[in-house]
Amino acid sequence: MPFTIHLSIVVFLPLAAGLIAAFLPSRAGRWLVVAASAGVLAYAIAMLVDFDPNAGGLRYVTDDNWISELGIRYQLGVDGLNLFLIALTALLWAPCMLWAALRTEERSKLFMFHMALGETAVLGAFCAQDLALFVVFFDLMLVPFYFLIGGWGAGDRVRATTRFVIYTLVGSLLMLAGAIALGVIAADGGDLSFSFAVLEDRIVGEGTQKWIFLMFAVAFLVKAPLFPFHGWVVDTYRATPTPVLVVLSAVLAKVGVYGFLRIVLPILPDASAYFQELMLVLAVFSILYGSVLAFSQDEARLVVAYSSIAQLGFIVLGIFSLDDKGVQGALMQMVNHGLVVAPLFFIIAVLTARAGGAIALDRMGGMALRAPVLAALFLIVTLATLAMPGSPNFVGEILILFGTFEDKLVYGLVASTGVVLAAVYMIRVFQRSMHNRLVPGEEPADLGGLELAVIVPVTLVVVALGVYPQLVLDRTEEASTAKVAPAAQIADGGDRSVAEAR
Amino acid sequence: MIELAQIKAPVIEYRELAPLFALLGGSVVVLLAGLFNGAWVQRVLVPVLAAASLLCAMGFTIANWGAGDSAPIIEGALAVDSFAHFMSMLFYIAGLVTVVLSLRAPVARETGMGEYLCLLLGSIAGMVILAGAENLVTLFVGFELLSIPLYVLCAGEVRRARSLESGLKYLVVGSVGSATLLYGLALIYGATASTDFSGIAEAIRVEGVTGIAAGTVSATDPLLLTGVAMAATGLAFKASVAPFHQWTPDVYQGAPTPITSFMAVATKVAAFAVLVRFFDQALTDAVTQWAPALAALATATILIGNLGAIGQRSLKRMLAWSGVAQAGYLMAGVVVGTKLGVQATAFYLAVYLFMNVAAFAVVLARERSTELGDDLDSLRDLGRASPWLAWPMTIAMFALAGIPGTAGFIGKFYLIDASVAGDYAWLGVMIVVGSMISLVYYLRVIAVMWMGAFEISLPTIPPRRVRPVGGWSPEADARAQPEVATVAILAAAATIVFGIVPSPMFDLARDVGSSFSLLP
């Protein structure tokens, strides 16, 4: 190996750049942050290339004492589970930074600083291999987004951001209590440790698992969001500035569901099996609810918002199918959803700009002939979103449904209708905005340089993954199987003996 | 030949008492120096002397700390242990901060810088005694020495009705608290026949716990329990633990802001120092009796404090209510009655000091440079106007809310850890619930500073006006009072540093915990 990869550099590079930028002139500062996010992207690509799918376990581990008194370690690592999520974060943050650097007029340095802090926090949450460290990064994520939405948002932005932060923090504070309780109870008087590896070995009693599971589940479901916890979504999606919304929807939502895979399934296997049905019901409900509401929205952003709820429902369905295939499909779908949502929001921003700032769908239309590049790119991501065969989403959803069919046929059948509904609402958005007549006041110009620069690369990755989904599947298989195994065995009627045998 | 009665001169432990001598001597010197007129004496010499006295006390305390724990001095009345040293250091820091914040304060001009700082040093001496009290009498002496100067200081702005009101309210409520405490202490003495903490602990010792013979008094003795309840009530007044907190918002709002900040920080630390020592040392064997009651108080305090803060427009009132809530969190560390609990409380007290100093310094700075007093609106758009004040306030609010990256998060983590480990998991959950509620008002402050114009629907209270320092100009603000901004920035920096590198503070806390050898 020609070089070693230090995850600390990956995680803290954006924040460092953001801090230095605060003391530079505005222009230089902005570009420094953009460069840092490009650096992270380069690092992530190097990691993808370097990653050996056949070698198991954690790679590029950093493991130091952080707070020895509380047993908290500064432990970072990469395996199949988070490799692609880190890559996704890096890939999506870079264009958002670029967009932000060029399109933010007011207090742009501060904007960039918060974006950088957000990238650091998200990467930290994905890399963390210690529960307490994960909680730290998970909560820290909210700080920059609070400022970004409240400071640069549109409309009733302060209300939106307060709602968003309180919703999510209520969840994550519960998780904090659950995490501490888990650490203390699992230690059982011995050395306190929050390391995932240690906690996976110290399985706590089923009763304890259950209430801790609920605390974690609330945190992750709010973040995702899933059906009864989505109260913050509408306000937030309306108010958030475009580059922030892209990462919020594409990446932040994934941290929650990632938490299920990384923490809940392996550490609380009994409770996962116990609450499997409940989670499946929530997932299916989210799919139907999100799809139906997406169909009836007038604002393009909200269509995507509700479709995200449905998509996240699919992901949770895959995870709680407690089946190898389902989990792998969920992982694949996490990446896919991020990849298609990002260009969608950028395109919506472009459409809104062309329509003179209007956000309603009926103020758009007739762009296809006059802006062919835009229309083509839009079509690609639309088809990917509705899981057309040949798109990576198709692979992901099929795997999820296969996983569900094996044991939970009914849920799988109901969820399948979600795939059909997705086709309906996505095509509706595409038709409304691209076909029909030009609406008065609309300026049908094709994509500009910046817009191409942010939309095209991500779309190319979508196409590439559609052609070669094996890239993801090969590298995630080993890790996802290992994480789901204990809970799956318990759900299949196997006893706690599995857990105890480890 | 008549033999004269042999008088044995008492041994005076000069080394251990040195910090107290420095403080009390300093307060006399400051008072006398303040008698001289002249701008230089009033503005420079007197504050410098007061700061020097605090620094001397700090130096002596550090020297004593380095020498290790020794047996209690003055016939077992005053402890010389890491716990007392740690708390004393917090008092000195709070004192230094108050001296700096008072440099341009109208209250110091009106009372006279000499008298003002003399009282402040006297109050700090009372706190130091209180933190070391190993005896019911010492406890009460420290308690009163702490309180009486504060009554005067609260009413220091003699030409302002609100300040007088604040002083009077504090005097009345504080006296009730003191009387209750005194009564309780008398009952405890009646039950255990001892004023020494060690004697009380011996009297109620449960057999088998420490391998020493059981005491003579049952832990359920009604006389003892009544005494404990009354003493707890008296101390709860000082710590503003609900339901004995009602005075807090009024007094905090009316008092001159440097004094408010001193009360919010130092008095709280002192009250918790004595709560910890009293309950976790003298009464540790009766833990099953008092712990559920204190846990109930903690819960009520967390809820009442946080709910009360939501409706506040005045920043000082808001911080007062938030202080009530924080007292509830701190109480959790006392309730569990373990070493871990003591350590968590000590840690959180230190953190609490930094967060609140940062917040109050900013409130003070804005109060002096806007016409809006301590109204929430005085912070309007501060992020743009003077980021050097906005950032410390932001950090303080995040830390108080317990957001990671700040010491407030680690402190709460430690407290929850102690609660769960001490079989009070539900109290840990209460801390979390309290933090959730607190987001509403902490985030509102941040939103006002950074997010431009928006409506806040809160009942308006007529703002109190303070003579301007920076000439009402928001831009001149930070530059006109560099010392206030410096305090805010330093305290905020400490909040961040201890949030990222908390190990030094943990080492201190562990050292503090070692003072309590009886605890599990």
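**Helix pair α16/α18, chain A.** I looked up how α16 (residues 372–385) and α18 (residues 409–434) of chain A sit together in this predicted model. Their axes come within 9 Å and cross at roughly 170 degrees (axes are lines fitted to C-alpha atoms over the stretch in contact, with angles from 0 to 180 degrees between N-to-C directions; helices are DSSP runs of H or I, at least four residues, numbered from the N terminus). α16(A) and α18(A) are therefore roughly antiparallel, a label for angles over 145 degrees.

I then listed who makes the contact (C-beta atoms, placed from the backbone, within 7 Å). From α16(A) I noted A:A375, A:F378, A:L379, A:T382 and A:T385, and from α18(A) A:A422, A:M426, A:F430 and A:M434. By class I got seven nonpolar, two polar and no charged residues (Ala, Val, Leu, Ile, Met, Phe, Trp, Tyr, Cys and Pro are nonpolar; Asp, Glu, Lys and Arg charged; the others, Gly among them, polar).

**Chain A against chain B.** Here 24 residues of chain A contact 27 of chain B. On the chain A side, α5 (131–140), α6 (142–152) and α7 (157–187) each give two or more residues. α7(A) has the largest share, 14 residues. I sorted that side into 18 nonpolar, three polar and three charged.

**Confidence.** α4(A) (108–127) is highest at 93, while α21(A) (497–501) is lowest at a mean of 47. Where pLDDT is low, the predicted coordinates should not be read in detail.

**Bookkeeping.** Residues count from 1 along each chain as its sequence is written, with chains lettered from A and ligands numbered from 1 in the order written. Local features need pLDDT of at least 70 and side-chain atom pairs 80 or more, but totals for chains, interfaces and linings use all residues.

Definitions and conventions:
Contact = placed C-beta atoms within 7 Å. Parallel < 35°, antiparallel > 145°, perpendicular 65-115°, else oblique. pLDDT = per-residue confidence, 0-100.
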